[in-house]
Amino acid sequence: MLRLRLFIIALTATLAAAAQRYYQPDFAIGAKAGATVSEMAWSPTVRQQFTPGFTAGICMRYTEENHFGLVAELNFTQRGWAEKLNSDTGLSYSRHFSYIQLPIMTQIFFGNEKWRYFINLGPEVGLMVGDKISSNFNYKDISQVPSFPANHRYDQLNMNVARKFDYGIAGGMGVEMRLQKKHSVMIEGRFYYGLANVFPSSRRDIFGASRGMSIECTLAYMFRII
């Protein structure tokens, strides 16, 4: 319930901010793409490391004269994790989840006509559309892998996804350079923290938490319509 309340608070704050009416309209659309690194928030802990992925999508921005606006995006994003196995074993395992995700964020910005610095913050929802495992050993039967570390947890390697719907909170910082009156490019770094568990998380299950986390670095092109 606490996770759901945090998500609702973020959504309410974003929509309330968008309801302000004292502004000069500035509406722009564009496209973005970039790289991600991600891992999972596990409980109990799993030895893991970041795994790379990518993200791409379309974005819309409605800003106000008083340094305030609203950003909405529709993206394809990869998240997941990689097992941190002993390098001596030569074993590797990573799992990527592909999401169609929709962040709706408040934007606060400052700067001048040429350079604009901004902060984005708000809720995000997503739907898992892909699940891919990359491994060089038989993760479905660890007993047949003699070099697998004896003290390494392996329950998660072959676990089925329980929830394809995801929600969480996203926040980022970036800079925008206006090339002309209607054209601009943006660079942003963003962090996402999921509030929904990917795998089963009841009291009878192995993991009480399995939430996605990611860091994104993207480049976007924006075209101002209004």
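Predicted model: local features only at pLDDT ≥ 70, side-chain atom pairs only at ≥ 80, totals over all residues.
Residues are numbered from 1 along each chain as its sequence is written, and side-chain values use heavy atoms, with hydrogens and water left out.

Strands are DSSP runs (E, at least two residues) numbered from the N terminus, and two of them pair if DSSP finds at least two bridges between them. Strand S1 (residues 26-43) runs antiparallel to strand S3 (residues 51-64), to which 13 bridges join it; alanine 33 has alanine 56 in S3 as its bridge partner. S3 is also joined to strand S4 (residues 68-83) by 10 bridges, again in antiparallel fashion, and threonine 55 is partnered with threonine 77 in S4.

A nonpolar core is a set of buried Ala, Val, Leu, Ile, Met, Phe, Trp, Tyr and Cys residues joined through side-chain atoms within 4.5 Å, where buried means under 20% relative accessible area, exposed over 50% and partly exposed in between (1.4 Å probe, protein chains only). The largest such core has 20 residues, of which Phe97, Phe137, Phe148 and Phe199 touch the most other members. S1 and strand S5 (93-111) each supply at least two residues of this core, and S5 gives the most, with three. Apart from this core lies another, of seven residues, including Ala28, Cys59, Phe118 and Met186.

The structure holds zero disulfides, a disulfide being a pair of cysteine sulfur atoms within 2.5 Å. Cysteine 59 is buried, at 5% relative accessible area, while cysteine 217 is partly exposed, at 48%.

Key: Helix = DSSP H or I, 4+ residues; strand = E, 2+ residues; numbered from the N terminus.
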